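Here's a quick tour of helix packing and charged pairs. Have the model open as you read.

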Amino acid sequence: QQQHFSSLKDQRYFVASRRTNRRSTSSSSSTSSSSSFLASSLSFFRSGSRQRPSLNQSSSSEIVNAPLARDHHPTGQGKNNNMTTPSNMPENNENIADQLARGNQPAMLAGHKYEAISVGGFETCHMFPSLKLCFDIGRCPQKAIAANNLLLTHTHLDHVGGIFAYVASRGMLGLEPPTVVVPPGTSTKIRAAMDAVSALDGCQMEATLVELSPTSAEGVRLSNGLIARAFFTSHPVVSQGYVVYRSKSKLKEEFRGLDQKDIAARARSGVKVNEAYEVPLVSFTGDTDVRFLQPIVGDISDIGDGDEDDVAYHRHYRDDVDGETASPSDRHDTRAVQTLRDALMADAFLCECTFVDDSVKRADALAFGHMTYQDIVAHRECFTKCRHLVLTHFSARYKAQEVRDALQERLPTDVWERCIPLLRQFSESSKDNASSK
């Protein structure tokens with residue numbers, strides 16, 4: 001029962017055969033057999049999860065109000081807490097990068113199990129089994145099916161194409177409908193696409209689609225109790241990045257230094273001695289050009305010469321699309337800017353870096369909504385606040401060693417020493433980058 005399903009067809013055949021065999025049993029034994037089967041057959045998909053979700057869980061999302069994350073490193077936290085101050089340098093990044101490149105088991109990233117694949121233009125999916133969430137789902141890796149929560153940054157196929165297999169597989173295996181967080185204005189089209197695939201396949205496509213705006217003072221509470229917030233990015237289609245927070249509490253400033261008995265007495269009398277705060281655990285940009293940093297670093301539209309025809313065309317297209325959901329004032333909204341600052345300070349900051357050499361000019365990369373190593377060098381102060389900097393979405397034109405050598409040579413030391421290049425499926429032969437499995 002704990003077999004490794006080689007394809008979605010195998011999964012359906014196995015489930016169908018089990019259902020046929022159960023018809024001869026009583027309803028009570030059928031229920032018991034079904035529960036046992038689901039628990040065992042999902043053990044592969046749920047590898048790394050700290051706690052298996054109940055099949056009878058209630059609704060998996062709700063909108064919540066929460067304070068701004070202004071104090072990420074309050075005093076009094078235990079030594080075993082996963083958060084570290086930005087001054088503490090990350091360790092074992094080379095080992096993490098090697099393990100991610102092999103892809104045979106999860107790596108530990110900032111205290112969380114993590115697996116990922118991202119090849120520019122082909123496939124992107126970042127999986128955190130212990131947090132029960134994924135960022136984007138280009139082709140639906142099998143282990144992504146166990147994630148209760150999916151956060152989509154934009155609707156290009158290499159980032160959203162696997163949503164149909166993801167939702168259908170969860171329904172087939174008896175899991176609760178997932179929570180899918182999407183950019184504003186995209187849920188109707190995503191639902192229409194899911195309905196079309198459902199009609200073609202004859203499967204159920206049940207999912208809770210939640211639109212989240214970066215300007216909203218509210219966040220989305222995920223089924224695992226974490227909170228997701230969004231920040232603006234810059235790409236030829238509507239796009240946004242995400243920060244995932246854990247909510248904690250700490251003693252209010254005015255009560256620090258008081259005797260413990262005094263504090264306990266105040267609490268018993270009804271005085272609120274604690275206050276809530278949010279810790280940014282992991283953040284992800286999705287696809288973006290460097291202008292997602294503009295609310296913090298100022299205008300960066302003048303970045304040198306590029307192909308003027310391409311630049312003019314794509315800037316016009318992107319401005320038209322962005323105009324549907326985000327004005328310049330929106331991008332400087334207090335909540336949106338604070339979430340962006342939190343993204344840069346997260347334990348793990350996952351950031352795209354499509355081009356790592358000088359074969360593509362910064363202006364041309366900007367026109368197509370992507371970043372180069374030069375953007376990171378130009379704004380290095382934004383990339384030295386996190387504990388781990390996972391660079392991702394490299395172009396398939398590169399070999400793995402070319403990426404490592406280029407980044408080590410070109411990035412500032414304080415950026416490189418916290419950098420983890422994501423190189424799964426990048427081989428020593430460029431032509432195999434997108435096809436090797």
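Predicted model: local features only at pLDDT ≥ 70, side-chain atom pairs only at ≥ 80, totals over all residues.

## Salt bridges

For a salt bridge, we want a side-chain nitrogen of Lys or Arg within 4 Å of a carboxyl oxygen of Asp or Glu.

Searching the whole structure turns up eight salt bridges. Another of them joins the side chains of R229 and E278, at 3.0 Å from N to O. That one ties together distant parts of the chain, since R229 sits in strand β10 and E278 in strand β12, 49 residues apart. R229 is buried at 2%, and E278 is buried too, at 0%.

Then there's D262 with R266, at 3.3 Å between the closest N and O atoms. These two are four residues apart in helix α7, so about one helical turn separates them. Here D262 is partly exposed at 31%, and R266 is partly exposed at 33%.

## Where α5 meets α6

The axes of α5 (residues 163-172) and α6 (residues 187-201) come within 10 Å and cross at roughly 65°. The crossing is right-handed. On the α5 side, I163, F164 and V167 touch I190, A193, M194 and V197 of α6. That contact is made up of seven nonpolar residues, with no polar and no charged ones.

## One face of α14

Which residues of helix α14 are buried? They are A400, V403, A406 and L407. Viewed down the α14 axis, the buried residues fall within an arc of 135°, so they line one face of the helix. They pack against β14, β15, α15 and β16.

How values were computed: Residues numbered from 1 in each chain as written. Heavy atoms only, no water. Axes fitted to C-alpha atoms, helices over the stretch in contact; angles between N-to-C directions. Left-handed = near helix turned anticlockwise from the far one by under 90°. Contact = heavy atoms within 4.5 Å. Nonpolar A, V, L, I, M, F, W, Y, C, P; charged D, E, K, R; others polar. Buried < 20%, exposed > 50% of the residue type's maximum accessible area, 1.4 Å probe, protein only. Arc of directions from axis to C-beta.
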